[in-house]
Amino acid sequence: MSVKRVLVLALALLILASLVSGGVWRALAWNPSTSDLDGTDSSSYDYEFKDPSNRFDIPATTGTNGLQVGEDFGDTDSIAFLIKLDRAPSAWYGFRVAEMQGGDQYEVYFTIGTVSFCILFRASGSSAGTATLYKQEDGSWISRVSLTVSNIQSGTHYYTTDYKIGFTLTDATANDYGSVKFVISKQYLYDLGARGNLVTGIYATTRLSGDGSPGSGTEMDRCPAEGSVRWTLQGDIPDLPLGALLLALPLIALYAYLRRSRSGSTYDFKANLRQLTEG
């Protein structure tokens, strides 16, 4: 077996080992922080502070953005979307996990490259519900992955065992906004056809009596009120996780060293790297 084939096999084994051994670390880290998304300072409806429907109210007005976004790198390569929900003056109003009702639905729409997605959470009742990532195919929304949790705690991050999607629901209080936060694996988005670093068509809706599919039920609020916004990622949607690339670097160096030792010729790093990656 040639040196190159041995190194390629070793690389595959190292990547597999890293994914297995790094599971615990990823579980702790896979929840990027978020910051306000420019252009989301409007919403279609402003509910009264003491209205039972206040749990659907996205607090977006001039100077206050209703949506946030975030991004993480390394083995935790992921993006995050967060919908703010208005403050609650008492236990009877505002968003609270324990007070959710079946059919309460919170959605974020976005497009990466030419592929459109919707990630949503639908409550099935108090402290329970399902998050689902949909991909638009031939004009229809197709469910790709779901996560159901039956005893949701405010502020706790939940995620699928394969780290494709995750979510966090946080209660509103008299002083702080509530929120619905989604986290999505960049690698999984790549697997579904997403390419590049430009995220367009971003907007969120809150809905009453949703059935778990995008746009179902009655729209209660929308942010921004009209149209959508865009966001540029710092790192492209990848075809290989950054952690795997870092693992490959020592093997590339070893491969180059062995080739140089065998040939005794001047080392051309770019040529050898290109030969290795092209097989």
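Predicted model: local features only at pLDDT ≥ 70, side-chain atom pairs only at ≥ 80, totals over all residues.
I began with Ser 116, which I found in strand β5, residues 115-125, where strands are DSSP runs of E with at least two residues, numbered from the N terminus. Before going on, I noted that residues are numbered from 1 along each chain as its sequence is written.

Is Ser 116 buried or exposed? I recorded Ser 116 as buried because its relative accessibility is 17%, and buried means under 20% relative accessible area with a 1.4 Å probe and protein chains only. Leaving aside neighbours within four places in sequence, I listed its contacts (heavy atoms within 4.5 Å), among them Phe 110, Tyr 134 and Trp 141.

Next I turned to Asp 86, which lies in the loop between β3 (78-85) and β4 (105-112). I found Asp 86 buried yet without a salt bridge, meaning a side-chain nitrogen of Lys or Arg within 4 Å of a carboxyl oxygen of Asp or Glu. The nearest side chain of opposite charge belongs to Arg 87, 4.9 Å away. Not counting residues up to four places away in sequence, Asp 86 touches residues including Phe 49, Pro 59 and Tyr 177.

Last, I looked at cysteines. How many disulfides does a search of the whole structure find? I wrote down zero disulfides, a disulfide being a pair of cysteine sulfur atoms within 2.5 Å. Cys 118 is buried at 0% relative accessible area, and Cys 223 also counts as buried at 0%.

Definitions and conventions: Heavy atoms only, no water. Helix = DSSP H or I, 4+ residues; strand = E, 2+ residues; numbered from the N terminus. Buried < 20%, exposed > 50% of the residue type's maximum accessible area, 1.4 Å probe, protein only. Lys, Arg positive; Asp, Glu negative; His and termini not counted.
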